[in-house]
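These are notes on the model, for a colleague who has it open.

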Amino acid sequence: MNTDPIADFLTRIRNAVAANHRVVEIPASNVKKEITKILFDQGYILSYKFEDTTAQGTIKIALKYDKDTKDSVIKDIQRISKPGLRKYAGAGELPRILNGLGIAIISTSHGVMTDKQARAENVGGEVLCYVY
């Protein structure tokens, strides 16, 4: 039993990047699928595939690396709101990561979105993680 599946999701990506893996497999959930779509749309991962072969399903993520330096596009990915200490931010106080170079992934009443989208829609919510 896992008490924080989103932290497990982020840790699997972080570990795969540290080990220079090309593909990482993660157990699926709806929130994890939404975070994966955001990572793809923002250019942090190369591609993804949702497989429903088991009851829970899995997410296969192809990690993205720089062609010249062979460094990962994801420099750091960290969990902010934890089960023991939730972090919420209103529409006016959403965080800016690296002065706009990174993204914060926010869970709002309008769905999971980046901090820029939440600012545009003027909604706040739970700050799930930072990616840069």
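1. Lys 70 is placed in the loop between β3 and β4; strands (E, at least two residues) and helices (H or I, at least four) are DSSP runs, numbered from the N terminus. Its phi is near 65 degrees, a positive value in a residue other than glycine. Most residues other than glycine have a negative phi. Lys 70 counts as exposed because its relative accessible area is 56%; exposed means over 50%, buried under 20% and partly exposed in between, with a 1.4 Å probe and protein chains only.

2. The model is predicted, so local features need pLDDT of at least 70 and side-chain atom pairs count only at pLDDT 80 or more, while totals for chains, interfaces and linings use all residues. Residues are numbered from 1 along each chain as its sequence is written, and side-chain values use heavy atoms, with hydrogens and water left out.

3. Leu 98 also deserves a look. Its phi is positive, about 50 degrees, although Leu 98 is not a glycine. The residue lies in the loop between β5 and β6, and it is partly exposed because its relative accessibility is 47%.

4. Three strands form an open sheet in the order β1-β3-β2, with antiparallel pairing; two strands pair if DSSP finds at least two bridges between them. The edge strands, β1 and β2, each pair on one side only. From one strand to the next the twist averages 20 degrees; axes are lines fitted to C-alpha atoms, for helices over the stretch in contact, and angles run from 0 to 180 degrees between N-to-C directions.

5. Two helices pack on this sheet. α1 touches β1 and β3, and its direction makes about 165 degrees with that of β1; contact means heavy atoms within 4.5 Å. α2 touches β1, β2 and β3, and its direction makes about 155 degrees with that of β2.

6. Within the sheet, β2 (residues 45–51) pairs with β3 in the antiparallel sense over six bridges. Phe 50 stands opposite Ile 59 in β3.

7. Leaving aside residues up to four places away in sequence, Ile 35 touches Ile 6, Phe 9, Ile 105, Val 112 and Leu 128.

8. Not counting residues up to four places away in sequence, Ser 81 touches Arg 86, Lys 87, Glu 126, Val 127 and Leu 128. A polar atom of the Ser 81 side chain lies 3.0 Å from the backbone nitrogen of Lys 87. The C-alpha atoms of Ser 81 and Gly 125 are separated by 11 Å, with the two residues 44 apart along the chain.

Technical notes: A polar contact is a pair of N or O atoms within 3.5 Å; within protein, one must be able to donate a hydrogen and the other to accept it, and residues adjacent in sequence count only if both atoms are side-chain atoms.
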